[in-house]
Amino acid sequence: MRGSHVDIKDLSQEEKIKYFLSRFFLSSAAAMVAETVTYPLDMVKTRLQIQNELIKQHIILDSKNLPHGMFRIGVNLVKHEGVLSLWAGVTPAVYRQVVYTGFRLVIYENFRDLWKKNEGFPIWQAIIIGVSSGALAQFIASPTDLVKSMMQAEGKRKLEGQAPRIKSVNQAFVEIYKQGGFRGLWRGCLVNVQRAALVNLGDLATYDYVKHFLIKKFGFRDDYKVHTMSSIMSGLVAATMGTPADLIKTRVMCQPTDSSGKFV
């Protein structure tokens with residue numbers, strides 16, 4: 001998907017609509033598969049973040065017997081909560097990918113093709129477009145990300161020896177609305193948008209820049225080798241830039257609120 005390129009300026013209005021719709025649904029479908037396959041890693045990461053927070057807050061006093069490290073936490077989840085616990089909250093995560101990935105790719109490619117000139121694609125343009133597309137798409141998808149984080153954070157209650165409160169996506173949306181109203185669905189959206197902007201800066205912008213750099217400077221052909229190298233580089237940069245904001249996002253979204261929607 002990333003490798004193919006069509007100059008939208010040469011398309012008719014009807015062809016443009018078909019092109020953007022196809023890009024939206026194809027990118028969303030690919031993201032749904034990728035999210036489902038890699039979700040256990042995301043689940044373990046969130047549980048690790050929450051566990052460390054509880055230890056620092058002295059809510060968990062005896063941490064010696066707790067598993068540390070991603071592999072041990074994953075094994076502990078399967079052992080005590082079952083294999084399906086690794087996919088707890090995967091439904092809103094898939095919903096998020098449909099909205100977020102579809103919109104961010106369409107927005108990014110549309111802006112890129114409008115700005116791109118024959119002389120190339122400057123890095124400053126890639127940065128601006130990557131940040132903007134990621135921020136806009138994440139703002140739209142923020143409610144689904146909030147529900148995903150809440151369902152993953154039910155592990156916090158289990159670590160505290162309490163029964164889980166949220167068991168379905170619909171229940172999560174209802175609880176959020178009761179606590180904070182319609183605006184509550186966008187709780188933590190600011191840090192979430194900042195995280196998405198950084199991730200897209202490292203993902204889409206880096207991918208495009210590295211791909212064009214390899215083709216232009218080293219004479220590589222626009223094939224799977226270039227796309228693989230570009231994907232590896234963009235993934236490393238995106239993960240590095242997005243991790244600090246991801247930790248903050250998890251803690252903000254999982255922080256309890258009172259009846260007025262304010263943090264307690």
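Good morning, colleagues. Please bear in mind throughout that the model before you is predicted.

I begin with the protein as a whole. Its secondary structure consists of 8 helices and 0 strands. Read from the N terminus on, the order of elements is therefore α-α-α-α-α-α-α-α, with helices as defined by DSSP runs. The protein has 264 residues, and buried residues make up 44% of them. The accessible surface comes to about 14400 Å², and carbon and sulfur atoms account for 65% of that area. As for contacts with a separation of 6 or more, 73% of them join residues 24 or more positions apart.

I turn now to the packing of helices. Two packed helices are described by the angle between their axes and the distance between the axes.

Helix α3 spans residues 90–115 and helix α4 spans residues 123–152. Their axes lie 8 Å apart, and the packing angle is about 170 degrees. Because that angle is over 145 degrees, α3 is roughly antiparallel to α4. The crossing of α3 and α4 is right-handed. The residues in this contact comprise 20 nonpolar, 6 polar and 5 charged.

Next comes helix α7, residues 189–218. The axes of α4 and α7 come within 6 Å and cross at roughly 140 degrees. The two helices are therefore oblique to each other. Here too, the crossing of α4 and α7 is right-handed. On the α4 side, the residues that meet α7 include Ile123, Ala126, Gly130, Gly134 and Phe139. On the α7 side, they include Cys189, Val193, Ala197, Leu201 and Tyr209. The contact of α4 with α7 divides into 14 nonpolar, 7 polar and 1 charged residues.

The remaining partner in this talk is helix α6, residues 169–180. How are α4 and α6 oriented to each other? The axes of α4 and α6 come within 10 Å and cross at roughly 105 degrees. The helices are therefore roughly perpendicular to each other. From α4, the contact is made by Pro143, Thr144, Leu146, Val147, Met150 and Met151, and from α6 by Val169, Ala172, Phe173 and Ile176. These residues divide into 9 nonpolar, 1 polar and no charged.

I close with two individual residues.

Leucine 48 lies in helix α1, which covers residues 13–56. The C-alpha atoms of leucine 48 and isoleucine 73 are separated by 7.3 Å, although the two residues are 25 residues apart along the chain.

Valine 90, by contrast, is found in helix α3. Valine 90 is buried, because its relative accessible area of 16% falls under 20%. With residues up to four places away in sequence again not counted, valine 90 touches Thr36 and Tyr39. Valine 90 and aspartate 42 are 48 residues apart in sequence, and their C-alpha atoms are 9.8 Å apart in space.

Thank you for your attention.

Technical notes. Residues numbered from 1 in each chain as written. Predicted model: local features only at pLDDT ≥ 70, side-chain atom pairs only at ≥ 80, totals over all residues. Heavy atoms only, no water. Axes fitted to C-alpha atoms, helices over the stretch in contact; angles between N-to-C directions. Helix = DSSP H or I, 4+ residues; strand = E, 2+ residues; numbered from the N terminus. Parallel < 35°, antiparallel > 145°, perpendicular 65-115°, else oblique. Left-handed = near helix turned anticlockwise from the far one by under 90°. Nonpolar A, V, L, I, M, F, W, Y, C, P; charged D, E, K, R; others polar. Buried < 20%, exposed > 50% of the residue type's maximum accessible area, 1.4 Å probe, protein only. Contact = heavy atoms within 4.5 Å. Areas by Shrake-Rupley, 256 points an atom, 1.4 Å probe, with all protein chains shown as cover.
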